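Me: I've got a model open and want to go through a few spots in it. Can you help me out?

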Amino acid sequence: MPYLVRKIGNLENLFHIKETQDVEQVFADVINYEFKTTENTLSTWFINEADDIDMAVLAIASNYSTTEEMDFLYIDMSLLEEFSLEIINEPNETPYESYSKFHYDIVGLTLASIKSILEIYKHNKTIVVKRDGFELKALIKEAYKENKINIDKGKTKKVRANLRKIVGLKS
């Protein structure tokens, strides 16, 4: 079953969404923090099945300037389609270059579609995976050893420096 994976900014926000009686009562700060959009889109990464989570985690984590604990949420794609949310394949840059083609955007977001995503989150229709800094760094190191990531494709100088430090290269 295919899923789309997103990094969660703060796991407490997900708990707040689940505990709120009506999603219309979710605090604006939670929505602002967890649903940062660019051109009314949310960035996600595709996986075929739950066991493939580390591929999406690597695509996401390898583009951050700090590699501390991160939480990831994955959503069954059929739920997004059930709520009539538009999903398009939009390749995105990541040091995990061969995976860039598995980037998908949830597009055309409005208040109504954000409410639909909140409903999916609220009703336990998502799976959360936590990775600590050690696990993330080990994943990046292993990918580097296997030539799966290109450090020079990090989106910023800080990201590239972080990757070099993780794999033991000089900045």
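Me: Where is Glu39 found?
Reply: Quick heads-up that this is a predicted model. Glu39 is in a loop, with strand S2 (42-47) on one side and, on the other, helix H2 (28-34). So the place you want is the loop between H2 and S2.

Me: Is Glu39 buried or exposed, and what is its phi near?
Reply: Exposed means over 50% relative accessible area, and Glu39 has 73%, so it counts as exposed. Most residues other than glycine have a negative phi. Glu39 has a positive value instead, and its phi is near 55°.

Me: Which loop holds Asn147, and what is its relative accessibility?
Reply: Asn147 is another residue other than glycine with a positive phi, near 55°. Its loop runs between helix H6 (133-145) and helix H7 (157-167). Asn147 counts as exposed because its relative accessibility is 70%.

Me: Which residues of H7 are buried, and what arc do they cover around the axis?
Reply: The buried ones in H7 are Val159, Asn162, Leu163, Ile166 and Val167. They sit on the same side of H7, because the arc they cover around the axis is only 120°.

Me: Which exposed residues does the other face of H7 carry, and what follows the helix?
Reply: Turned away from the buried side of H7 is a face with the exposed residues Lys157, Lys158 and Lys165. After H7 comes a residue with a positive phi, near 85°, and that residue is Gly168.

Me: How do H6 and H7 pack, and which residues meet there?
Reply: H6 is part of what covers the buried residues of H7. Their axes are 9 Å apart and the packing angle is about 85°, which means H6 is roughly perpendicular to H7. By class, the contact has five nonpolar, no polar and two charged residues. On the H6 side they are Lys137, Ile140, Lys141 and Tyr144, and on the H7 side Leu163, Ile166 and Val167.

Me: At what angle do H1 and H5 cross, and how many charged residues are in their contact?
Reply: The axes of H1 (residues 11-19) and H5 (residues 111-122) come within 8 Å and cross at roughly 90°, which means H1 is roughly perpendicular to H5. Leu14, Ile17, Lys18 and Glu19 from H1 meet Leu118, Tyr121 and Lys122 from H5. Sorted by class, that contact has four nonpolar residues, no polar ones, and charged residues numbering three.

Me: What span should H5 have, and how far apart are its end C-alpha atoms?
Reply: H5 has twelve residues, so at 1.5 Å a residue the helix should span 16 Å. The end C-alpha atoms agree with that, as they are apart by 16 Å.

Me: Is Asn13 buried or exposed, and which residues is it in contact with beyond its neighbours within four places in sequence?
Reply: Asn13 lies in helix H1. Buried means under 20%, and Asn13 has a relative accessible area of 12%, so it is buried. Leaving aside those neighbours within four places in sequence, the contacts of Asn13 are Val30, Tyr33 and Glu34.

Definitions and conventions. Residues numbered from 1 in each chain as written. Predicted model: local features only at pLDDT ≥ 70, side-chain atom pairs only at ≥ 80, totals over all residues. Heavy atoms only, no water. Axes fitted to C-alpha atoms, helices over the stretch in contact; angles between N-to-C directions. Helix = DSSP H or I, 4+ residues; strand = E, 2+ residues; numbered from the N terminus. Parallel < 35°, antiparallel > 145°, perpendicular 65-115°, else oblique. Contact = heavy atoms within 4.5 Å. Nonpolar A, V, L, I, M, F, W, Y, C, P; charged D, E, K, R; others polar. Expected span 1.5 Å × (residues − 1). Buried < 20%, exposed > 50% of the residue type's maximum accessible area, 1.4 Å probe, protein only. Arc of directions from axis to C-beta.
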